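Here are some brief notes for your review. Please read them with the model open.

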Amino acid sequence: MNGPGPTCIGERLHDIDAARSAVPRALHGLAVHSPWRYLLRAAQVSFELASTSLLDRLAPPRGGVTEVTQGRCVPRGTSIALYLHWSPSGRISAMVRRQLAIWRDCGFDVVFISNADPPPEDWDAVSEHAVLRVRRRNTGRDFGAWRDGAALALQHWPRPYELLLANDSVLGPFRPLQPIVAALRAGGEGLFGLTESRGGGVHLQSYVLLARGATPVASMLNHLAALRDSHSKWRTVQQGEIGMTRRMLREGHRCAAVFGYDAVCAAADEATRASLGPRFAVGKPWRYPLNPTHHLWRVLIQEMGFPYLKTELVRRNPGGLPGVADWPDLVTSADATMIRDHLAVYSTGSPRAASDLTESRKSFRDAERI
């Protein structure tokens, strides 16, 4: 058990270059698929958009908040974190509670939002780390939950200076988050994240997104408020995650990542590039956009000091990437145990959640996007 190496947080944030959003969308699919598989995927997306557009009109998703209760934490200021949870059984793992405690320690008042039906003992345990707890129906995926949570938070704290979006789609952290949060805050006002992706257009990945400053926070809130629930995951990703960075750039806000795409790619050695396929072994491999938290996960952790693993990568490894099963070698034994216990929560269902289980599974499969 090697455990994580030394933390290598960059000395500066890496600004998002709006010009790179012009990278053709087609190159993302061609990066990791053969031409025939890419055409099949394109057909699947086209069918999904057509069918869900009709479904959205005939049977629009019926979401909504079902419960709002106070937590036991006392609000301390103007830094709000909206944290989204989901599991098939509704259970809230020790890892999730630890994440909440860490965000609290970093100075955020946590609004905990569950798209599931947590049992009473777990619901009560969350109260130790949250100022507000919200249950809602599992519609709209992450951004639908953040939208509803933001509306409720504004009723209590109408003028936040910082607004954080976070969720349980990442495993860890297995390195201290405080230096990373300090790096985000050092960026001044704007929209900041941990990793930059160029798939579908340049954007900040939304498992951790921090808006700072009255105007950027207002822009984030306006973006969330305008989102409408859809049965289409593709549309939700485009309008929610990718659309948010585009909006912020269009309105002139600074957008930057702690782990910039170019920096992560530059840290990949020849063997890593070759393992991704012949397109990446020669020439200019990074002209094909990748998901850095999947395809370059080991580079992020070993070379860059990244504190997380993506849940979807460990559970499903949808890209069939080599070496993913060796992830325990990169964390301490205590962190590996906590992560395994968290993953076990997703292996069982709950009769209470049966009516939402199909939609919930779809929502979890979408975790790889963020």
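Is Cys-265 buried or exposed?

1. Cys-265 counts as buried, at 3% relative accessibility. Cys-73 is buried too, with a relative accessible area of 12%. Buried means under 20% relative accessible area, exposed over 50%, partly exposed in between (1.4 Å probe, protein chains only). The whole structure holds 0 disulfides (a disulfide is a pair of cysteine sulfur atoms within 2.5 Å).

2. This is a predicted model: local features need pLDDT of at least 70, side-chain atom pairs count only at pLDDT 80 or more, and totals for chains, interfaces and linings use all residues. Residues are numbered from 1 along each chain as its sequence is written, and side-chain values use heavy atoms, with hydrogens and water left out.

3. The structure holds 9 aromatic pairs. Rings of Phe, Tyr and Trp (its six-membered ring) pair if their centres lie within 6.5 Å; planes under 30 degrees apart count as stacked, over 60 as edge-to-face and the rest as tilted. Tyr-207 and Tyr-308 pair edge-to-face, at 6.4 Å centre to centre and 85° between the planes.

4. Tyr-207 and Tyr-308 are buried. Phe-306 is buried as well. Tyr-207, Phe-259, Phe-306 and Tyr-308 form one aromatic cluster.

5. Arg-135 lies over the face of Trp-123, 4.2 Å from the ring centre. The criterion: NZ of Lys or CZ of Arg within 6 Å of the ring centre and within 35 degrees of the ring normal.
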